[in-house]
Amino acid sequence: MPRVEVNGLGLHYELRGSGDAFIWVGGTGVGGGIWDKWQVPHFQDRYQCLTFDLRGTGASDAPEEAYSVELFAEDTIALADRLGIGHAHFAGISLGSAIIQEIALMRPDLVRSASLISTWSSTRREEHIRRWFQARLTTLELAPIEVFRAFAFWMSSPTIIDLEPEWQAELEEFFQKNSSAQPSHAYIGHFKADLEHDTYDRLGEIRCPTLVVYGDEDLITLPRYNETVAAAIPGART
């Protein structure tokens, strides 16, 4: 289990494959293992895939301090620098996509391309996603963890839930495995970071090739949120 000290904490990471570097950034409260079943096996024959546990997830440290998207971005940059990665392709989902937006703004030299999956630009401006994050945060703070987990199905499309229940059950088990290790304060810190995300007025400064990927039944990072990001980044595709 490789582990390195960066930015004042220990981060667990995995390097697999060979070729140009490809850094995968996980979402709210989930470890880097979410990429292990499908994405890394598909890409590792062409790229050196770096997955890692964000602070507060998996085997990485979970300090009791305020988390932010900018702080996660600084952690990721420090990890890449420590591993000698001068530039890389990036892919991230949800919170991970917000982190990559910040990395592309902080260190444009590091980001060869960005794939932003289920993304958004400003929790302050986008009321629906703000209320989702706030509701999830409230259940973590006031209710048993079972109540929080009961709403996890909202991350899947209605079509999957109605027509492919076996696949939905497999997904829920998989995500549970990759989001069950962190203490509650760390999970809370992730949602508070989500609530502060705002790159709306800076997205036009991103110059790397960018692909925005979303589901047309996404009930959280709504399709129009993704389209807003793509429209703001010069040359971005959906």
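Predicted model: local features only at pLDDT ≥ 70, side-chain atom pairs only at ≥ 80, totals over all residues.
Residues are numbered from 1 along each chain as its sequence is written, and side-chain values use heavy atoms, with hydrogens and water left out.

I will begin with the rings. A search of the whole structure finds 16 aromatic pairs, where rings of Phe, Tyr and Trp (its six-membered ring) pair if their centres lie within 6.5 Å, and where planes under 30 degrees apart count as stacked, over 60 as edge-to-face and the rest as tilted. Among them is the edge-to-face pair of Phe 22 and Phe 43, at 5.3 Å centre to centre and with 65° between the planes. This pair links distant parts of the chain, since Phe 22 sits in strand β3 (residues 20-25) and Phe 43 in helix α1 (residues 39-43), 21 residues apart; helices (H or I, at least four residues) and strands (E, at least two) are DSSP runs, numbered from the N terminus. Phe 22 counts as buried at 8% relative accessibility, whereas Phe 43 is partly exposed at 22%, with buried meaning under 20% relative accessible area, exposed over 50% and partly exposed in between (1.4 Å probe, protein chains only).

Phe 22 also pairs with Tyr 47: the ring centres are 5.4 Å apart and the planes stand at 80°, so this pair is edge-to-face. Because Phe 22 lies in strand β3 and Tyr 47 in strand β4 (residues 47-52), the pair ties together parts that are 25 residues apart in sequence. Ring pairs link Phe 22, Trp 24, Trp 35, Phe 43 and Tyr 47 into a cluster.

Now to the charges. How many salt bridges does a search of the whole structure find? There are 13 salt bridges, each being a side-chain nitrogen of Lys or Arg within 4 Å of a carboxyl oxygen of Asp or Glu. One of them joins Lys 37 and Glu 170 at 2.4 Å, N to O, and it links Lys 37, in the loop between β3 and α1, to Glu 170 in helix α7 (residues 165-177), 133 residues apart. Another is formed by Arg 202 with Glu 102, the closest N and O atoms being 2.7 Å apart.

Next, helix α9. The buried residues of α9 (residues 223-232) are Tyr 225, Asn 226, Val 229 and Ala 230. Seen down the axis, these buried residues fall within an arc of 135°, so they line one face of the helix; the arc is that of the directions from the helix axis to the C-beta atoms. The face turned away from that buried side carries the exposed residues Arg 224 and Ala 231.

Finally, the backbone. Most residues other than glycine have a negative phi. Asn 7, although not a glycine, has a positive phi of about 50°, and it is placed in the loop between β1 (3-6) and β2 (9-17). Ser 118, also not a glycine, has a positive phi of about 55°, and its place is in the loop between β6 (111-117) and α4 (127-142). Asn 7 counts as partly exposed at 37% relative accessibility, whereas Ser 118 counts as buried at 13%.
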